[in-house]
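Please keep the viewer open while you go through them.

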Amino acid sequence: MSNIGTGGSGNDLRTPIGRARGLGSAKSGTGHWWWQRVTSVALLLLTPWLIGLLVSLVGADLETVRSAIARPWNAIFMAAFAVITFWHVQQGLQVVIEDYVHARASEITLQLLNTLACTVGALASLYAIGRIALMA
């Protein structure tokens, strides 16, 4: 079977202009898409737990709240929720920046700020959870 008129391989799904420019997949989109779905499912499972914990602590005094967060499973789930939330936010903002910011310098700057802000937010959350959970 010949590829006459197809501009190349029969499996090449790029547009003719994409082939001419040498543009194609960066091979990272599928993995990124899957990780966004994985973090979404994890957040769907952790959010009801967090809401239940917070509702159970309404009106509680500081020591009761501290002891609830200090329970190992609560601290672990809260840390997981914080890390997964910031990871999910970073991935979502990355896609928005890639899709809507077309000036290369602005895109790179915003991507760096996005990664930095989400990393700092996750680390600050982990520090606060650890501090509360381990406070004597």
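1. Let me begin with a charged pair: Glu63 and Arg66 form a salt bridge, with their closest N and O atoms 3.3 Å apart. The term stands for a side-chain nitrogen of Lys or Arg within 4 Å of a carboxyl oxygen of Asp or Glu. Both residues sit in helix α3, and because they are 3 residues apart there, about one helical turn separates them. Glu63 is partly exposed at 47% relative accessibility, whereas Arg66 is buried at 16%. Buried means under 20% relative accessible area, exposed over 50%, and partly exposed in between, with a 1.4 Å probe and protein chains only.

2. Before going on, a word on the basis of these notes: this is a predicted model, in which local features need pLDDT of at least 70 and side-chain atom pairs count only at pLDDT 80 or more, while totals for chains, interfaces and linings use all residues. Residues are numbered from 1 along each chain as its sequence is written, and side-chain values use heavy atoms, leaving out hydrogens and water.

3. How many salt bridges does a search of the whole structure find? The search gives 2. Besides the pair in point 1, the side chains of Arg104 and Glu107 meet in a salt bridge at 3.5 Å, N to O. Arg104 and Glu107 are 3 residues apart in helix α5, so they too are separated by about one helical turn. Arg104 counts as exposed, at 56% relative accessibility, and Glu107 as buried, at 14%.

4. Now the overall layout. The chain has 5 helices and 0 strands, giving the order α-α-α-α-α from the N terminus on. Helices (H or I, at least four residues) and strands (E, at least two) are DSSP runs, numbered from the N terminus. Of the 136 residues in the chain, 24% are buried. Among contacts with a separation of 6 or more, 66% are between residues 24 or more positions apart; contact means heavy atoms within 4.5 Å.

5. Which residues have the most contacts inside the largest nonpolar core? They are Trp49, Leu50, Leu53, Met78, Phe81 and Ile129, in a core of 15 residues. Two or more residues come from each of α2, α3 (62-70), α4 and α5 (104-134). Such a core is a set of buried Ala, Val, Leu, Ile, Met, Phe, Trp, Tyr and Cys residues joined through side-chain atoms within 4.5 Å. If you click on Trp49, look for Asn74, Phe77 and Met78, its contacts once neighbours within four places in sequence are left aside.

6. Helix α4 deserves a look of its own. Its 29 residues reach 42 Å from first C-alpha to last, close to the 42 Å expected at 1.5 Å a residue; the expected span is 1.5 Å times one less than the number of residues. The buried residues of α4 include Asn74, Met78, Phe81, Gln90, Gln91 and Gln94, and the buried residues of this helix pack against α2, α3 and α5. Pro72 also belongs to α4, but Pro72 counts as exposed at 59% relative accessibility.

7. Is Gln91 buried or exposed? Gln91 is buried, because its relative accessible area is 4%. Not counting residues up to four places away in sequence, Gln91 touches His32, Trp35, Gln36 and Thr39.

8. Finally, the surface. Trp33, Trp34, Trp35, Val38 and Trp87 form a nonpolar patch with about 560 Å² of accessible area together. Helix α2 (residues 29-56) gives the largest share, 4 residues. Trp87 lies in helix α4 (residues 72-100) and is partly exposed, with a relative accessible area of 36%. Patches are made of residues with over 30% relative accessible area and no salt bridge; like charges are joined within 9 Å, and nonpolar side chains (Val, Leu, Ile, Met, Phe, Trp, Tyr) within 5 Å. The accessible surface of the chain comes to about 9,700 Å², of which 70% belongs to carbon and sulfur atoms. Accessible areas come from the Shrake-Rupley method with a 1.4 Å probe, and for residues only the protein chains shown count as cover.
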